[in-house]
Amino acid sequence: MKQSLKDYIVDPRDNIIIECEAKGNPVPTFSWRRNGKFFNVGKDPRVTMRKRSGTLEIGFRSGGRPEDYEGEYQCFASNDFGTALTNKILLRVSKSPLWPKEVLEPVVVGEGSSLVLACNPPPGLPPPHTFWMNSGERVSMGLNGDLYFSNVLAKDSHTDYSCNARFLFTHTIQQKNPFTLKVQTSRKVAETPPIFLSPTGTDSSRMMVLRGQKLQLECIAAGVPTPSIKWFKKGGDLNQKVKLDNFNKTLRIDSVSEEDAGEYMCMANNQIGSIRHSIYVQVKAAPYWLDKPFNLVLAPDENGRLVCRANGNPKPLIKWLVNGEPMESSLPNPSRSVVGDTIIFHSVQIGSSAVYQCNASNHHGYLLANAFVNMAPRMLGAKNQLIKVIENNRTFLDCPFFGSPLPELRWFKNGQGSGLDGGQYRVYINGSLEIKRARVEDQGTYTCVASNILGKEENQVRLEVKEPTRIVRAPEHQSAIRGTMARFDCRVKSDLTLPITVTWLKDDKPLSLGWRLKKDEDSLSIPKVHEQDEGTYTCTVKSEIDQDTASARLTVLDYPDSPMDLEVSDPEARSVRLTWIPGDDHNSPVTQFLVQFEEDRWEPGQWQNLSSYPGDLNSVILQLSPFVNYQFRVIAINSVGKSRPSRPSRRYPTNGASPDAIPSGLKGRGTKNTNMEISWEPLLDTEQNGPNLHYSVWWRRKDSGEEWNNVTTVGAKHIVHNTETYIPYEIKLQARNDFGPGPESNIIIGYSGEDKPTAPPTDLHVSKIDSTKVNVHWTPVDPNTIQGEFKEYRVRTGLSQLHDMVKGLHVNKEKKTKGFYSTVAQPTGILTDLQPYSLYRMFMVVANSHYEGPPSNHVEFHTKEGVPDLPQFFKIVQRSPDSIHLEWDKPLEPNGILIGYTLNYQAVNGSRLGHMQMESFLPNVTAYRLRLPDQAIQYRFYLAALTQVGAGKVYAEESPHFTNEAYIKDQVDIATQGWFIGLMCAIALIILILLISTSINFCKSGHVTDDNKPLQGSQNSLDGGVKESDDSLVDYGEGGDGQFNEDGSFIGQYTVKKDKDETEGNESSEATSPVNAIYSLA
């Protein structure tokens, strides 16, 4: 066993570690005794025992004193075959006490005298090492630490004679207060013979030392001159083990034996004389081994013996123990007998295994040895086991064995190769083979072989590596409303060769699956959940070697229960307290209480919302209206919805009063230019506060000083007739009932009816004309001519025609309106979103709330040329393996005169782009063929149309990646195939016959076509010119005299519609549609 020292001194600054290590099979368990009593390690929070070890560790981070753990400790290691013991370990805590403070008087001595300066270091554990800084042949330190002067000289006068103590455990040095030495000098120092300072006198002294310890003898003498020291041993010479130190003043033997005993003499002499001193050394001995017992291995029916011989002075006593207990108190064993220091075994049996202890002791010490008696080695585990392990897991292949001496164990795989140890494998001393991370290739048959000098035995283990059983989709916590479906997922992945079972638990109890709960391969379904379904559901999937579990909680939510026990209290004129008891919230906290009321006067039986309150209240003050016979009910609301209404409270009537409320929405406006309609919102039933509600209305012309006109009505409006156009009136209103009048409203300003504005804006003109916007300026009208509330100035614009340079384009004559609100003397606005390179016509009107005035002067302006839009299409066709054919069409919105196209392209190889190349084309070119240096190269193309302003929007395309030669060969122009040409001819013939037939029927019906009048949308000249429009601005939109209700924003969009055939006028003027074909035939 590995153990700490018998005399074990520890540093109090460190944790205390008391070692106790033992090996055995089965693995031993450990226990301790302290001061002869069982030491319960588990009850002391500061004490822990290391795993697979008996070593104690005592920590003091959380407090405690190391001194409290001083004492005698002994460790016991036990398994099924016996118990081994450690020595009794005396634990003591190192002590480094401080030097006591003292005041030292100066030492005065005459020259030539001897002197001893005492050290007296503090008693430490272990004792400190002392030293002085002043030493030599005349002045030296004794074994007790004192400083001896054989004779004092005048030069010895100093003030710093200090003794130093060095403590080994703390590595600290403490210094005694220094001595001051004053030497009294004389003219002549008298010579003196030697005298002994240590030991004193000439008589003999005795010393006892134990065998193996260090022996130190000391002789220090005084005299003038300084004496010299010599050593002798009576009856012989000093042997070679003797060392002389400190100018021969100290005799040292590092390890004493019995032969070193005897009489030692020291002699001190100078020229005046000499003296002697005898020291008698006696050597004793703690027990030491002559024959230490060793482990004994016996086969059944064999004989053997354990011998325990020890010597010592005095002779030690031999005592045998079995498994830590005295032999005499153990169970009798007929195959065992004790003869003196020997145990004799006769015809041992398997049950004879045990640990024997031999204790040899005298009063100087003791020896303790453990000896194990065992049988020949054998395997303890089952033969030819099959072990299944999960892939990537650490696994152990056990091979328990028994034998003494301890057998050597080796592992082999599939009976081949050298032993397995290192890397992926690790062999433990108990025989287990660790595979740190099992892989599929680790499958196979493993053989363990245990051998020692007594024999060899082996066993086999077959290993299979399986995929882990895992829940790959685990159930998740969920909340379900009562009556809905709840579903917990539990999707499993496992090894196909391992059967698995999936079970469900609810609140850690087996879940019974009845007609309602349904379990399929990957989930558990709970239809129509109710409160009893709430709980924690656990999915457990098991195979024979592993399992996985996952849990989730189901919370069932429901509508809250109805509030209960409504109580009406604390009545006031306009308020009352309503209190209720909330019902169960069913796992969804109530967020709101809705208080409703019902009254039996205007709408009996009809419940109405009164007010709502936070969900943490159950007593509220309700604000009430007069002249209402209330009863109340409460509805609780949570995240699921509303509860059923509570039972109604008792009725609570309120007294009547004059109206509190002022009718809202009071306004005056004309419906004709000769009247003004005064209207308001009637009071609610609960705002009437009493019977016979009616309204008093007053009005008069503003700032006229007239008397108020008054009328009383029960309705919600009154019409004042025969008014002038758009005159302001002061209006006020008051509600009344049988209890009296309510408060008057504030005076508001109303207006009589509007009429058409009589004057147009003047001097309409434009500036800063751009391609898509223009600034508009005008002179405003006199406000008195608006005859109503001024709304805005409205600009009406329309495209007149495009420039003649743009061929083959239709003009969309849809009009556009934009409003400007401005009351400044020189107003201006900006028209945006105009068509580039176009001719516009516009005029302006002023508008009030109902009418528009006459139009202003008309203005024409040209927008500037812009950049084109995208080409209509851009397609890439691979015609042959060595070229790419590109085709495109003109933009729908050229926004000017096309002057050509730019084509940029570059090679593309993954994320790498080649050098950009450019080609330019005339406006009538819409195709291009690019030669390919390598058919595997892809290209990225960027096409844009051009006007004089610049390039338009870019159309980007990337060529397809053609690498299949067969596919390339299939890319044949379909228009050159015979079957396709025949099919197209047949379709054209059928269409032609149908069109001719339709034309004949049309002519028979009496319709005649003027050949000289082109159809709308057709071309009328080969140069692509557009027909001048004969429209006028009077025809635009909704005209000047009509009613107008716009908000001033654009009411329409205008666009330039292009026809492909017309935009290609530079290439062909022939009709390409079926209709044009008919007229061509005609």
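Me: Is Asn248 buried, partly exposed or exposed?
Reply: This is a predicted model, and the values are computed from it. The relative accessible area of Asn248 is 33%. Buried needs under 20%, and exposed needs over 50%. Asn248 therefore counts as partly exposed.

Me: What is the phi of Asn248?
Reply: Asn248 sits in the loop between strand S26 (243-245) and strand S27 (250-253). Asn248 is not a glycine, yet its phi is positive. The value is about 70 degrees.

Me: Which loop holds Gln787?
Reply: Gln787 also has a positive phi, near 55 degrees, and is a residue other than glycine. Its relative accessibility is 23%, so Gln787 counts as partly exposed. The loop runs between strand S74 (774-779) and strand S75 (790-802).

Me: What is the omega of the peptide bond from Leu125 to Pro126?
Reply: Pro126 is in the loop between strand S13 (115-117) and S14. The bond from Leu125 to Pro126 is cis. Its omega is near -5 degrees.

Me: What is the omega of the bond from Ser198 to Pro199?
Reply: Pro199 belongs to the loop between strand S21 (192-198) and strand S22 (205-210). The peptide bond from Ser198 is cis. Omega is near -10 degrees.

Me: Is Thr130 buried or exposed?
Reply: Thr130 lies in strand S14 (residues 129-132). Its relative accessible area is 10%. The cut-off for buried is under 20%, so Thr130 is buried.

Me: Which residues does Thr130 touch, leaving out those up to four places away in sequence?
Reply: Thr130 is part of strand S14. With residues up to four places away not counted, its contacts are Cys119, Pro121, Met141, Gly145, Cys163, Asn164 and Ala165.

Me: What is the relative accessibility of Trp411?
Reply: Trp411 is placed in strand S43 (residues 408-413). Trp411 counts as buried, because buried means under 20%. The value for Trp411 is 0%.

Me: Which backbone oxygen does the side chain of Trp411 reach?
Reply: Trp411 is a strand S43 residue. Its side chain reaches a backbone oxygen at 3.0 Å. That oxygen belongs to Gly431.

Me: How far apart in space are Trp411 and Ser432, C-alpha to C-alpha?
Reply: In sequence, Trp411 and Ser432 are 21 residues apart. In space, their C-alpha to C-alpha separation is 9.3 Å.

Methods
Residues numbered from 1 in each chain as written. Predicted model: local features only at pLDDT ≥ 70, side-chain atom pairs only at ≥ 80, totals over all residues. Heavy atoms only, no water. Helix = DSSP H or I, 4+ residues; strand = E, 2+ residues; numbered from the N terminus. Buried < 20%, exposed > 50% of the residue type's maximum accessible area, 1.4 Å probe, protein only. Contact = heavy atoms within 4.5 Å. Polar contact = N/O pair within 3.5 Å; in protein donor to acceptor, adjacent residues only side chain to side chain.
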